[in-house]
Amino acid sequence: MKLSICIPTYNRAEYLQTALTCLAEADFDFAHEIVISDNASSDNTQEVVQGFIDKGLPITYLRMPENAGPGPNLTNAIQHASGEYMIYQGDDDLLILPRIKEVIAYLDANQDVSACHAPWFLHDEVQGVDHRKFYEVDADVKFDRQDFLSVFEFIFQKHIFPEIAIYRMSSVRSAFVPRFFCFWPFVYLAHFLDQGAVTFLKEPFYRSVTVSKVAPNREQAGNEDVMTSWDMYRGGLEYFLHFGVSRGKLSADDEARALYDRMCHIFTALRMSVAVRFWLARNDYVRAYELYTRMAIAGFGDHPSVAELRSQFPVMVGLQTLAYKVSSIPEIKRLILSDADDPQAISEVLLKLGLADHIEVTGDTGESDTQAASTAVLVSSQEAADTFAARGFDPHFVFLESDLMQFVLV
């Protein structure tokens, strides 16, 4: 058996149907198997797989007795695989079959290589087009075993994410081990580099489907990692560096450690710039501003992802903070914007920023109000706040603009 294609799945029968339809077109000149581990799906996954088995696809179908989570599901597939080489395939993604043949030929010719990485295409399945590669490699490059320094510099300079690879199975079972605080691709890269040479190829052999025919508007599963996992990225890099130091391939003196720390900091800050875009797409300026502070202290306050936002941050973070606070008070049913020229326009912004939809937003009529006890007020000065208190509004629910924005420092 030359190649094992390991596909963990759970309740994704329609996506798996597409993935297996693609694999059915393979004309490999070597023996291969498709190892599917089903995490106790409750949909028709088993029937879909059986249909392809009946058509002659070389599938080994494994069904977990209960949903054990994604890690054990992938481990189950790997432990049952028999190939000389192994590739993990997402159940909603696609392999570029002619390139798979070329990579296998490369591995056959380079017996010292334990893992062969490549960037991957972000693929629109509806339009049938590849939009871009996730990262760029200028030319095929091979790194010798335990050359941790060169690989770390390569990762840093090219902003490499070694998530997609074809692995030599003799190294896989010891390399694929559970890790929780460190981003697994950097961890596994350290393990494979510790055992043999690793290669990064220029041309992809994998398509990550970002727009699927099954659900064109779905949220990408990896987006949550991009939005929240920067410290795991840093942890993975530090794990990788630890291997280099422990093997005596990287210096451990204070100057070197300071340099490693700075490089990890920069790498993480640049990942945050991507996360900022995702949080803004969700109209979450508070989280975007938090990331801005970390980027700024790393020296990236002028990065294009945040440079144009700096003038917006005080007002937008202030309004989102107001929406958060007012929505957190159960008795509040109305919010008065005392100095607003267009309360309706600001109301629409506040709703996008998280204001509870049962709260009515109005301007100030200047009259006494029988609903004062269930009303919050936004004012621009302490004098205005005192005036509202004198009119019978609860001072606990009167918010000063300066209080909402004074800690938004740009």
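Asn 11 lies in the loop between β1 (3-9) and α1 (13-23); helices (H or I, at least four residues) and strands (E, at least two) are DSSP runs, numbered from the N terminus. The model is a predicted one, in which local features need pLDDT of at least 70, side-chain atom pairs count only at pLDDT 80 or more, and totals for chains, interfaces and linings use all residues. Residues are numbered from 1 along each chain as its sequence is written, and side-chain values use heavy atoms, with hydrogens and water left out.

Most residues other than glycine have a negative phi. Asn 11, which is not a glycine, has a positive phi near 50 degrees. With a relative accessibility of 28%, Asn 11 is partly exposed, a class between buried (under 20% relative accessible area) and exposed (over 50%), computed with a 1.4 Å probe on protein chains only. A positive phi, of about 55 degrees, is also found at His 159, again not a glycine. His 159 is placed in the loop between α5 (148-158) and β10 (165-168). The relative accessible area of His 159 is 19%, so this residue counts as buried.

The cysteines were examined for disulfides, a disulfide being a pair of cysteine sulfur atoms within 2.5 Å. The structure contains zero disulfides. Cys 6 takes part in none, and the nearest cysteine sulfur, in Cys 22, is 16 Å away. Cys 6 is buried, at 0% relative accessible area. For Cys 264, the closest cysteine sulfur belongs to Cys 182 and is 11 Å away, which is too far for a bond. Cys 264 is likewise buried, its relative accessibility being 1%.
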